[in-house]
Amino acid sequence: MSSLESEDTVVRLSGATYSVNGKKLVGPLDFSVLHGETVVLLGESGSGKTTTLRLINALIYPTEGTVFVEGRDSREWDPVELRRRTGYVIQETGLLPHFTVGQNVGLVPKLKAWDTSRTSARIDEMLELVDLPVDEYRDRYPHELSGGQRQRVGVARALAADPPLLLCDEPFGAVDPATRRALQREFASLTRRLQKTVVFVTHDVREARLLGDRILVIDRGLVSFDGSIQEFADSDDNAVRELRGEPWSS
């Protein structure tokens, strides 16, 4: 563990920068995410939110600086091991269409070589957790589900192996507004009840305020604001005011 880490720190970015062909896409980034905390990366499309998430999951590595996950430099992790310890929820869920719901949820436990009975019990537990009754949904295929149901399966799959960290990249952006609101409420309740550590990407201010313990505003690849929900609501920062739909202060 780095000397700058505490036992409560799950993720820390220290001067993390990512450049391609000399063009800086994000950074330098300096922030931490604590155990049980939901940190929302909020910003417009193209601001660098997803790139930041990819740095945390070692899908890419910083060209400068360091990303620590559970106290270890991301470069020191076996990337497969790190990703199996990290739940990942995206738009449209990325479910395997030729797998049943149960097979999709049990994918990571199977890859981690859990025995059959343990995996089966975990599948049932996760489906009940996201309000998809086992008898009705376990043997269905993704194309037989609504968009909201597929997103619930995606959340169940991400949680199945009980990962220390959950990364979410605008997971509810592709469903209708009413379903999205229901999923947001359920997700907030679920992650807080399970005390999960979450980094959640969105461009939706309402979603950020509903789900987050902290909001980081990402603007042109940099963190322009880092604070609590109340601090976000009270901030006079012009980027924050713009996201809240207010005129800039003079």
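Figure 1. Buried here means under 20% relative accessible area, while exposed means over 50% and partly exposed lies in between (1.4 Å probe, protein chains only). The buried residues are Lys-49, Thr-51, Thr-52, Leu-53, Leu-55 and Ile-56. Helices (H or I, at least four residues) and strands (E, at least two) are DSSP runs, numbered from the N terminus. Just after H1, look for Ala-58, which takes a positive phi of about 60°. In the loop between strand E3 (38-42) and H1 you will find Glu-44. Not counting residues up to four places away in sequence, Glu-44 touches Lys-49 and Leu-243; contact means heavy atoms within 4.5 Å. Glu-44 and Asp-8 are 36 residues apart along the chain, and 30 Å separates their C-alpha atoms.

A note on reading all the views: residues are numbered from 1 along each chain as its sequence is written, and side-chain values use heavy atoms, with hydrogens and water left out. Since this is a predicted model, local features need pLDDT of at least 70 and side-chain atom pairs count only at pLDDT 80 or more, whereas totals for chains, interfaces and linings use all residues.

Figure 2. Of its 17 lining residues, Arg-83, Thr-86, Gly-87, Tyr-88 and Val-108 are the closest to the centre. On a 1 Å grid over the protein atoms alone, a pocket is an open set of points where a 1.4 Å probe fits, with protein on both sides within 12 Å along at least five of seven lines; lining residues have an atom within 4 Å of a point. Grid points are joined across faces, edges and corners, and a volume is the space filled by probe spheres set on the points. Helix H2 (79-84), strand E6 (86-90), helix H4 (107-111) and helix H7 (147-159) each supply at least two residues of the lining. Strand E6 gives the most, with four residues. By class, the lining has nine nonpolar, five polar and three charged residues. Ala, Val, Leu, Ile, Met, Phe, Trp, Tyr, Cys and Pro count as nonpolar, Asp, Glu, Lys and Arg as charged, and the others, Gly among them, as polar.

**Figure 3. The second largest pocket.** This pocket has a volume of about 230 Å³. Its lining includes Phe-99, Leu-107, Lys-110, Trp-114, Ile-123 and Arg-138. Helix H3 (101-105), H4 and helix H5 (116-129) each bring at least two residues to the lining. The largest share, four residues, belongs to H5. The lining divides into four nonpolar, six polar and two charged residues.

**Figure 4. Arg-244, in the segment after helix H11 (238-243).** Arg-244 counts as buried because its relative accessibility is 17%. Its side chain reaches two backbone oxygens: that of Ala-233 at 3.3 Å and that of Ser-235 at 2.9 Å. Leaving aside neighbours within four places in sequence, Arg-244 is in contact with Arg-209, Phe-232, Ala-233, Asp-234 and Ser-235.

**Figure 5. Asp-226 in strand E10 (residues 222-228).** With 39% relative accessibility, Asp-226 counts as partly exposed. The side chains of Asp-226 and Arg-214 make a polar contact at 2.9 Å. Such a contact is a pair of N or O atoms within 3.5 Å; within protein, one must be able to donate a hydrogen and the other to accept it, and residues adjacent in sequence count only if both atoms are side-chain atoms. Beyond the neighbours within four places in sequence, Asp-226 is in contact with Phe-31, Arg-214, Ile-215 and Leu-216.

**Figure 6. Aromatic pairs.** Rings of Phe, Tyr and Trp (its six-membered ring) pair if their centres lie within 6.5 Å; planes under 30 degrees apart count as stacked, over 60 as edge-to-face and the rest as tilted. By this rule the count comes to four aromatic pairs. Phe-187 and Phe-200 have ring centres 5.7 Å apart and planes at 55°, so this pair is tilted. The pair links distant parts of the chain, with Phe-187 in helix H8 (residues 177-194) and Phe-200 in strand E8 (residues 197-202), 13 residues apart. Both residues, Phe-187 and Phe-200, are buried. Phe-225 and Phe-232 form an edge-to-face pair, 5.9 Å centre to centre with 70° between the planes. Phe-225 and Phe-232 are buried as well. Phe-172, Phe-187 and Phe-200 form one aromatic cluster.
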